Amino acid sequence: MTKAATATRAATASGGRHFFLRGTGTTTATTTTTTTAISTTTTRSTTAEDDDAGRAAAAASGESSKRKGGKKAAAAARGDAKQGKGNGKSNLGPKPDRTKVSKNKQRVLILSSRGTTQRFRHLLNDLHALMPHSKRESKLDTKTKLSVLNELAADIQCNNCIFFDVRKNQDLYMWMSRTPSGPSVKFLVQGVHTMDELRMTGNCLKGSRPILSFDQHFDDGNRPHLPLLRELFCQVFGTPRTSRKIKPFIDHVLTFSVVGEQIFFRNYQAIEKEGQMALVEIGPRFNLTIMRIFSGSFLGATLYENPKFVSPNLVRREQRLAEQLKYFNRVKATMERDQRAVPLPQDELSDVFR
């Protein structure tokens with residue numbers, strides 16, 4: 001057997017290919033040995049596995065880098081937030097508008113002194129019923145040291161105060177103050193008529209908010225104390241919408257009218273009658289005469305003093321003098337009449353029938 005035949009058989013046994021060279025009489029076999037084929041296959045499979053492992057490792061490294069990047073971003077955000085919090089500024093976006101809406105927190109303390117009469121006590125109860133933002137307290141023992149009312153109002157968280165000072169069981173003086181800094185006003189209350197006394201046909205819901213009405217005199221520039229009183233009335237009688245005891249209704253009107261040196265207070269119900277708004281009086285009603293306005297709360301310098309104010313004691317004194325004068329005039333007239341009388345002559349026959 002020749003070497004060519006031996007090579008051909010080996011190639012056939014190993015699964016190789018063989019071909020014949022034309023132009024020659026001999027057959028040449030080109031084969032790939034089993035070792036070469038196995039090594040090539042092993043190299044390819046190893047290369048594929050290495051590629052898959054590389055892709056998996058790259059994916060894992062990408063995820064880990066993303067996680068690290070996310071952690072770094074979160075850490076950076078927390079750092080920016082802390083820095084912004086320390087500097088008063090935030091880098092996380094536009095700062096939200098946290099501006100607090102101002103609330104009208106008005107609370108009124110209402111109380112009276114000892115020695116009050118039944119009429120004045122009913123008036124105090126009517127005012128307390130008209131103002132759901134008011135707080136009622138017991139009677140005050142002292143009439144001289146009114147500055148203790150500031151401490152009492154501060155204890156129950158009230159920034160306004162109405163104090164009824166009753167003198168001689170017949171004179172009512174109303175103190176209206178903005179505690180604790182002022183100003184404060186002292187009024188003489190006259191013409192008092194309570195709800196039970198009037199028995200008007202008007203009615204309103206208890207706890208409803210009122211409409212405050214002021215006439216044109218409160219805008220008078222020649223009387224600068226009237227705008228101050230209007231602002232004080234708004235803070236005392238104006239019920240804030242944030243009060244806890246109010247009802248969501250507006251059905252009555254509180255009017256303040258200036259007539260001469262007095263301020264007339266009236267309470268009306270607002271009703272719709274025949275397609276038009278009408279006012280029906282409810283009560284109470286009273287008149288306020290300004291005595292003096294102080295810069296502080298129940299004390300301080302005098303901002304305004306009413307030059308036309310007349311004390312009720314002086315009025316009663318003049319009334320007594322007028323009554324005395326009337327009596328003196330009657331006695332004097334009697335004496336003059338007796339003096340003008342002409343004596344009659346004596347009758348000579350007056351003793352005949354005795």
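**Close-up views of a predicted model**

Figure 1. F298 is found in the loop that runs between β12 and β13 (302-305). Helices (H or I, at least four residues) and strands (E, at least two) are DSSP runs, numbered from the N terminus. The model is predicted: local features require pLDDT of at least 70 and side-chain atom pairs count only at pLDDT 80 or more, whereas totals for chains, interfaces and linings use all residues. Residue numbers start from 1 along each chain as its sequence is written, and side-chain values use heavy atoms, with hydrogens and water left out. Although F298 is not a glycine, its phi is positive, at about 65 degrees. The residue F298 is buried, at a relative accessible area of 8%. Here buried means under 20% relative accessible area, exposed over 50%, and partly exposed in between (1.4 Å probe, protein chains only).

Figure 2. R199 belongs to the loop between α5 (195-198) and β8 (208-214). Its phi is near 55 degrees, a positive value in a residue other than glycine. With a relative accessible area of 69%, R199 is exposed. Most residues other than glycine have a negative phi, and most peptide bonds are trans.

Figure 3. T179 and P180 are joined by a cis peptide bond with omega about -5 degrees. P180 sits in the loop between β6 (171-177) and β7 (184-193). A cis bond also leads from G283 to P284, where omega is near 0 degrees. P284 occupies the loop between β11 (276-281) and β12 (285-294).

**Figure 4. D126 and its partners from other parts of the sequence.** D126 is part of helix α3 (residues 118-130) and is buried, with a relative accessible area of 10%. Not counting residues up to four places away in sequence, D126 touches T194, M195 and P284. Contact here means heavy atoms within 4.5 Å. D126 and T194 are 68 residues apart along the chain, yet their C-alpha atoms are separated by 7.2 Å.

**Figure 5. Aromatic pairs around F237 and F256.** The structure holds 12 aromatic pairs. One of them joins F237 and F256, which are tilted, at 5.6 Å centre to centre and 55 degrees between the planes. F237 lies in helix α6 (residues 225-237) and F256 in strand β9 (residues 247-259), so this pair ties together parts that are 19 residues apart in sequence. F237 counts as buried at 3% relative accessibility, and F256 is buried with a relative accessible area of 1%. The ring centres of F256 and F265 are 5.5 Å apart and their planes stand at 65 degrees, so the pair is edge-to-face. F265 is likewise buried, with a relative accessible area of 1%. Rings of Phe, Tyr and Trp (its six-membered ring) pair if their centres lie within 6.5 Å; planes under 30 degrees apart count as stacked, over 60 as edge-to-face and the rest as tilted. One aromatic cluster is formed by F187, F214, F218, F233, F237, F256, F265 and F286.

**Figure 6. The largest nonpolar core and another core apart from it.** The largest nonpolar core has 34 residues, and M174, F233 and F237 have the most contacts inside it. With six residues, α6 gives the most to this core. Apart from it lies another core, of 13 residues, including L140, C158, W175 and F298. A nonpolar core is a set of buried Ala, Val, Leu, Ile, Met, Phe, Trp, Tyr and Cys residues joined through side-chain atoms within 4.5 Å. Leaving aside neighbours within four places in sequence, the contacts of F237 include L127, M131, H133, L254 and F265. In soluble globular proteins, nonpolar side chains tend to be buried together.

**Figure 7. K186 above the ring of Y173.** The charged end of K186 sits over the Y173 ring, 5.0 Å from its centre. This applies if NZ of Lys or CZ of Arg is within 6 Å of the ring centre and within 35 degrees of the ring normal.

**Figure 8. C161 and the cysteine sulfur closest to it.** A disulfide is taken as a pair of cysteine sulfur atoms within 2.5 Å, and by this rule the count comes to zero disulfides. The closest cysteine sulfur to that of C161 belongs to C158 and is 8.2 Å away, too far for a bond. C161 counts as buried, at 0% relative accessibility.
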